[in-house]
Amino acid sequence: MSAQEFAPGLVIQRFTPPLKLADFKLIAFDMDSTLINIECVDEIADAAGRKAEVAAITEAAMRGEITDYKESLRRRVTLLKGVPVSAMQQVLDQRLQLNPGAKELVQACKAVGMKVLLVSGGFTFFTDNVRDRLGIDFTRSNVLEVENGALTGRMVDQHWGDICDGEEKRKMFLATCTQLGIQPSQGIAMGDGANDLPMMGEAGLSVAYHAKPKVREQAMVAINTGGLDRLLEVVR
C-alpha cells in the first residue's frame, strides 16, 4: 500500500485505519522535538555561546547524515564544558514546553490501560521533569556529569551502558515489552529523527512527528501538521 494523505497533514502507509487504541499496550516516545518543542543540547549550548556549532551537529545526526550517533553526542557534550547547572535550569523553566497534544495523547493512552515509555538521546535533567509532568511509566536517557555546579563536558556511564542511542532505544523498547509480557507488535513508537528508526522498526505502529524526511518515509503514520494527538484520528 503506497503512502496516502489520510487527512490534511496526516499521511499513512502499510495499514488501513482506523486501528483500535485499546489493542496496543505500550507507547514509546522520543523526547526532543517529539514530546517537547526543543533540542535540549542545542539550548544548553546557547548558554556557552556555541548553539550554532552544536545545532549543526544535531541537525546532521537527526537527518541520519552522521551515522555514529554516540560520537556525535560526545562531540556536542564536550562543547558544553563549563556551562553551569543554573543555565540548564533556565532552559527547563523558560524554553522547554510540551508539544501540542502531548498531554491529550498520553492521557488517551493511559485511559485504555497503556503504559508509556520515554527513550531519549537527551538528558535525565530534562526527561525526569517530562516524566513527572506527564505521568510516564518508564524512561531511559543520558546523564550529564556535573562537578562544582557546572558541566564537565562528559556523560556518566549507567548500568545498562554508556549512551542512549538508536540501538539502545530499540533495546529499551523491546525490554519494556518483555517486562510487560507483550509482543512488540502491541507497541507504538513515535519519533522525529534517524536515531528513532530502530525502535520504530520494531513497533506494531510507527509514527513520525514533524520528522526528518528519512523518518517520514519509513513511518506508518506521519503527522506533518498539528499536534501529537492527531494520532487519535487513525488510532481510536
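## Helix packing

Helix axes are lines fitted to C-alpha atoms over the stretch in contact, and the angles between their N-to-C directions run from 0 to 180 degrees. In this predicted model, helix 1 (residues 40-47) packs against helix 2 (residues 51-62) at an angle of about 165°, and their axes lie 8 Å apart. Angles over 145 degrees count as roughly antiparallel, and helix 1 and helix 2 are therefore roughly antiparallel to each other.

The crossing of helix 1 past helix 2 is right-handed. Helix 1 contributes Val41, Asp42, Glu43, Ala45 and Asp46 to the contact, while helix 2 contributes Lys51, Val54, Ala55 and Thr58. By class, the residues of this contact are four nonpolar, one polar and four charged.

## Strands 4 and 5

Strand 4 (residues 115-123) pairs with strand 5 (residues 138-147) in the parallel sense, over four bridges. Leucine 117 has phenylalanine 138 of strand 5 as its bridge partner. Between the two strands, the chain passes from strand 4 through helix 6 (residues 124-134) to strand 5, and this β-α-β crossover is right-handed.

## Strands 5 and 6

Strand 5 is also joined by four bridges to strand 6 (residues 150-156), and these two strands run antiparallel. Here the bridge partner of leucine 144 is methionine 155 in strand 6.

Strand 5 and strand 6 form a hairpin with two residues between the strands. In this hairpin, asparagine 148 takes a positive phi near 55°.

Definitions and conventions: Residues numbered from 1 in each chain as written. Predicted model: local features only at pLDDT ≥ 70, side-chain atom pairs only at ≥ 80, totals over all residues. Heavy atoms only, no water. Pairing = 2+ DSSP bridges. Right-handed = clockwise from strand over helix to strand, strands pointing away. Parallel < 35°, antiparallel > 145°, perpendicular 65-115°, else oblique. Left-handed = near helix turned anticlockwise from the far one by under 90°. Contact = heavy atoms within 4.5 Å. Nonpolar A, V, L, I, M, F, W, Y, C, P; charged D, E, K, R; others polar.
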